[in-house]
Amino acid sequence: MRHALAVIAGIVLALLIIASALPLWETDTWWVRYLDFPRMQFAALIVGFWALMAGLGGIGRGAARWLTLLAVLALGYHGYRLWPYQPLAAKMDPGLASCAPEERLSILVANVQRSNRQAEEVIALAREQDPDLFLVLETDEWWDEALSALDASYDHHQQDIPSEATYYGMHVFSRHPFASAEMRFPFGADTPYFDGVVEHPAGQVRVLGVHPRPPHYFQPSTLRDATMLQAAIEARDGTLPAIVAGDFNAAAWERTARRTLRLGQLIDPRAGRGPMPSFDANSWWMKWPLDQILWQQGLAMADFQVLPGIGSDHYPVRADLCLTPNADQRLVAPREDDPAEAEATLEKARSMRDEAFDG
């Protein structure tokens, strides 16, 4: 009986090792890309099932040695991906910025979950946090009416509630006026992409708000990846310091998320502070960081928080930034293949759009 249980543990261990390695494959296949999310969980399960297999007496010396070697390699790969988001890693921004209130910009991002009806929690959150910018995701007509309670607090407001992509409504509230603001649909996607310039008293700041679809049930990651990369390239090529914020539907350590960081020369506040998961608020086990606030040099961090729940499956996130050209920050340099890989993803997304229009 012990040997049979050890064999079962060995088989599960082998499957976990395979699942860990599959994301090395450069593909947008939904189920492969989904395996990027639970890296922390995979690492914990690999250790657990290896210990169970060994504790039950193993499955034969040769097989056990190979499984142990492959388990170590898998753990090493997970460690490589997760390392930037551990407290011992280097911080991209030390988080020590201090500035006068008129030089400070606070931004709050909340995916409220369309089916959530605890609007009073969201309104209370906005009033308590009192951010300069409030990006609200997964809104619909019901949420549009509920959020009207904030109209008196925010003079400037942009929104889009897609008629088809009903889980991807987006509302943007701003205390400062917009020099420009529009909801775009790059690559023919049905999910809005906010592109605005905020007239802050200390200077203009470009804000790019994103909420692409995740890899999910025969839904490839192409448009998600292209949306993130498009935001990175627009931030890089712009003349103003930029913030890229929203629910990326990609874990911070995922390959395209890291490429976005490098290409956009963006700063991730989670680096060196821990993964700080924002999803799933309803699970104690399956958690990863999906909701992001990233920024470029010219902005420096005073604070970053993942806030308590609001009845949604996402936790809100908040960043307090100082508009300052001088800050001790560490950027991640682009890799040699980043531009070509990004262009290949963008071209594939354009092709998907063209095929949809032709159809």
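A crossing of two helices is left-handed if the near helix is turned anticlockwise from the far one by less than a right angle, and right-handed if clockwise. By that criterion, the crossing of α1 and α3 is left-handed. The structure is a predicted model, in which local features need pLDDT of at least 70, side-chain atom pairs count only at pLDDT 80 or more, and totals for chains, interfaces and linings use all residues. Residues are numbered from 1 along each chain as its sequence is written, and side-chain values use heavy atoms, with hydrogens and water left out.

- Helices (H or I, at least four residues) and strands (E, at least two) are DSSP runs, numbered from the N terminus.
- The 20 residues of helix α1 (residues 2-21) should span 28 Å at 1.5 Å a residue, and the 29 Å between its end C-alpha atoms agrees with this; the expected span is 1.5 Å times one less than the number of residues.
- Helix α1 packs against helix α3 (residues 39-55) at an angle of about 155 degrees, with the axes 8 Å apart; axes are lines fitted to C-alpha atoms over the stretch in contact, and angles run from 0 to 180 degrees between N-to-C directions.
- The two helices are therefore roughly antiparallel, a class for angles over 145 degrees.
- Residues in the contact (heavy atoms within 4.5 Å) include Ala6, Leu13 and Leu16 of α1 and Phe42, Phe49 and Trp50 of α3.
- Among the buried residues of α1 are Ala6, Leu13 and Leu16, where buried means under 20% relative accessible area, exposed over 50% and partly exposed in between (1.4 Å probe, protein chains only).

**Disulfide**

- A search of the whole structure finds one disulfide, defined as a pair of cysteine sulfur atoms within 2.5 Å.
- Cys99 and Cys322 form this disulfide, with sulfur atoms 2.1 Å apart.
- The pair links distant parts of the chain, 223 residues apart: Cys99 lies in the loop between α4 (61-82) and β1 (104-111), and Cys322 in strand β11 (residues 317-323).
- The disulfide is left-handed because the torsion about its S-S bond is about -80 degrees.
- Cys99 is buried at 18% relative accessibility, and Cys322 is buried at 1%.

**Backbone exceptions**

- Most residues other than glycine have a negative phi, and most peptide bonds are trans.
- The peptide bond from Phe279 to Asp280 is cis, with omega near 0 degrees; Asp280 lies in the loop between α8 (255-263) and β9 (291-295).
- Glu138, in strand β2 (residues 133-139), has a positive phi near 65 degrees and is buried at 10% relative accessibility.
- Tyr217, in the loop between β7 (203-210) and α7 (222-237), has a positive phi near 40 degrees and is exposed, with a relative accessible area of 59%.

Terms used:
Parallel < 35°, antiparallel > 145°, perpendicular 65-115°, else oblique.
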